[in-house]
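The sequence and structure come first, and the notes follow.

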Number of protein chains: 2
Amino acid sequence: MVLAKHLKQRRPVTRELQARGLRMTAQRKVIAEVLQKAGKHLDAPEVLRRARQQLPGLHLATVYRALESLKKLGIIDELDLMHFRGTGHYYEARTDKDHMHFTCQRCGSVLEIQTPLFEKLKAQIEGRHGLSIRVARLELGGICGTCAAKKEKPERISA
Amino acid sequence: MVLAKHLKQRRPVTRELQARGLRMTAQRKVIAEVLQKAGKHLDAPEVLRRARQQLPGLHLATVYRALESLKKLGIIDELDLMHFRGTGHYYEARTDKDHMHFTCQRCGSVLEIQTPLFEKLKAQIEGRHGLSIRVARLELGGICGTCAAKKEKPERISA
DNA sequence: TTCTAGTTGCGAATAACTCGCAACTTGATT
DNA sequence: AATCAAGTTGCGAGTTATTCGCAACTAGAA
């Protein structure tokens, strides 16, 4: 049950789409590749910018639609990185192990973190509550080591 | 280090605000109370609706501003519940122990989950990476037990 | 009571998506 | 290879969810 998700990720994207009655199009292909190659989280306009190098006519609405499908298929994950900049979202390709994201609320740097405890936690929850987890998003916010070392006073909060 | 956050929550809201140069206003007070009494996650318009029972002239912009301050002070947390309905956010008062939210992606029901493993996980991360966590948001999406029992075929995904 | 800096209500402006629809593809079928 | 139903896309026009500018209005230190 926990493993199903991992197997799923390995299935080629086209297969995954067809299993749900969706089609592989040039747009979805390029968008998925952009995220797989990026290795980091991109927001929708940035995905558009990069994908347009292959498909100049690509429209932002199509990017949003593709991100939505890929997200539902478990091929990509959505993040908000503590909304450090704006209220938008970021996307990244899934890898075989889920990881967590820590965003420094002072400098905005993002750290990706992995630990077996995360898998354990998910398994425990599935077992205890009789549910199955498809997406697990653990986002952390705080002060990174570098900023803490600077020993600045707590920042002012604007109204 | 891990405890600091808990102590903070217990400090009265007014104190917490003043420590950052902010003021306690009728608006912030009512908005904080609405969330503390609600016991569940509310979105901004719903917070407005409830708070207006005490402050009829309250404006939505003020609600957003108050939510932002309270969030930065660690008095409330922000969620998106897997964006099951729209791209907006939900807010809830913090309690002494963080909990996780599972949203069923079929029926939309939300389950709050607690386990000591979560605290353990955060402590481990703080120790390993030399950072301090102020906010931890673990959101899960999947199929709840009730929906799984209905044995329906995987839902169609619209483009 | 005074005074200064923080706040609020308003309406306008943005940001971040989402929709309707005609034209265009995909890929299963013949 | 040609056909065709159903899924998709590009557009531009919405919608939703916030955020801003600013003058009038407090909170709370002095």
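## Contacts with DNA strand D

In the side chain of Gln27(A), an N or O atom is 3.0 Å from a sugar or linking oxygen of DNA strand D. The model is predicted.

| Residue | Part of DNA strand D | Distance |
|---|---|---|
| Gln27(A) | sugar or linking oxygen | 3.0 Å |
| Thr25(A) | phosphate oxygen | 3.0 Å |
| Arg23(B) | base nitrogen | 3.0 Å |

Around DNA strand D there are 25 residues, of which Arg23(A), Arg28(A), Thr62(A), Arg65(A) and Tyr64(B) come nearest. Of the atoms of DNA strand D that come within 4 Å of the protein, 69% belong to sugar and phosphate. By residue class, the surface near DNA strand D has eleven polar, eight nonpolar and six charged residues.

## Chain A

Chain A contains seven helices and six strands. Read from the N terminus, their order is α-α-α-β-α-α-β-β-β-β-α-β-α. The chain has 159 residues, and 48% of them are buried. Among contacts in chain A with a separation of 6 or more, 51% join residues 24 or more positions apart. Chain A has an accessible surface of about 8300 Å², and carbon and sulfur atoms account for 53% of this area.

Technical notes: Residues are numbered from 1 along each chain as its sequence is written. Chains are lettered from A and ligands numbered from 1 in the order in which they are written. This is a predicted model: local features need pLDDT of at least 70, side-chain atom pairs count only at pLDDT 80 or more; totals for chains, interfaces and linings use all residues. Side-chain values use heavy atoms; hydrogens and water are left out. A residue is near a molecule or strand if one of its heavy atoms lies within 4 Å of it. A polar contact is a pair of N or O atoms within 3.5 Å; within protein, one must be able to donate a hydrogen and the other to accept it, and residues adjacent in sequence count only if both atoms are side-chain atoms. Ala, Val, Leu, Ile, Met, Phe, Trp, Tyr, Cys and Pro count as nonpolar, Asp, Glu, Lys and Arg as charged, and the others, Gly among them, as polar. Helices (H or I, at least four residues) and strands (E, at least two) are DSSP runs, numbered from the N terminus. Buried means under 20% relative accessible area, exposed over 50%, partly exposed in between (1.4 Å probe, protein chains only). Contact means heavy atoms within 4.5 Å. Accessible areas come from the Shrake-Rupley method with a 1.4 Å probe; for residues, only the protein chains shown count as cover.
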